[in-house]
Amino acid sequence: MFLGGIGDVKCAQGDTLAAFALYDEALEVNPNDVGIMNNYAYFLTLCNRDLDKAERMSGKTIQAEPQNPTFLDTYAWVFYKRQEYTMAQLYIEMALKNEKRPSSDIYDHYGDILLAIGNKKEALAQWKKALELDAGNQSLLEKIEKLAAELEAGDKQPDEITEQ
């Protein structure tokens, strides 16, 4: 667990190579540490690296703790990054169902997944929920503003065509 914690710190500092080496070392010591596997899988997806390895590790966490919302969110995110949106939606919805107080990240991920499958209005709603929990999140604000403008422009087009 100690090596995994240092790996988390290294990831937060942007030193992913050192972090991944520490995660590998931690898993050599304890190959069944689902917390380390989850974090390692999640950080791999954030870097868009070795998504097959991320999927294998994340799958093991789900087998060990099938109702853990954090692990379900990570698994959903792996599928999202692999552009397997149906599976991503399935697992993110399971994460939400199993989480008593969903985090901003889960709502943000759900919004991204919904947008990827073309459900723009629901994506916007999920991002707004995420923003309520993380009011200063500039990335969320930008996504909300962009999608809201796109939806508003789309709603106006049929009227403009009728008026001409």
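How are α2 and α3 oriented to each other? The model is a predicted one, in which local features need pLDDT of at least 70 and side-chain atom pairs count only at pLDDT 80 or more, while totals for chains, interfaces and linings use all residues. Residues are numbered from 1 along each chain as its sequence is written, and side-chain values use heavy atoms, with hydrogens and water left out.

Helix α2 (residues 16-29) packs against helix α3 (residues 34-46) at an angle of about 155°, and their axes lie 10 Å apart; axes are lines fitted to C-alpha atoms, for helices over the stretch in contact, and angles run from 0 to 180 degrees between N-to-C directions. The two helices, α2 and α3, are therefore roughly antiparallel to each other, a term used for angles over 145 degrees. Their crossing, that of α2 and α3, is left-handed (the near helix is turned anticlockwise from the far one by less than a right angle). On the α2 side, F20, Y23, D24, A26 and L27 make the contact, and on the α3 side I36, M37, N39, Y40, F43 and L44, where contact means heavy atoms within 4.5 Å. The residues of this contact of α2 with α3 comprise 9 nonpolar, 1 polar and 1 charged (Ala, Val, Leu, Ile, Met, Phe, Trp, Tyr, Cys and Pro count as nonpolar, Asp, Glu, Lys and Arg as charged, and the others, Gly among them, as polar).

A further pair is formed by helix α6 (residues 85-98) and helix α7 (residues 104-116), whose axes come within 10 Å and cross at roughly 150°. That makes α6 roughly antiparallel to α7, and α6 passes α7 in a left-handed crossing.

Terms used:
Helices (H or I, at least four residues) and strands (E, at least two) are DSSP runs, numbered from the N terminus. Angles under 35 degrees count as roughly parallel, over 145 as roughly antiparallel, 65 to 115 as roughly perpendicular and the rest as oblique.
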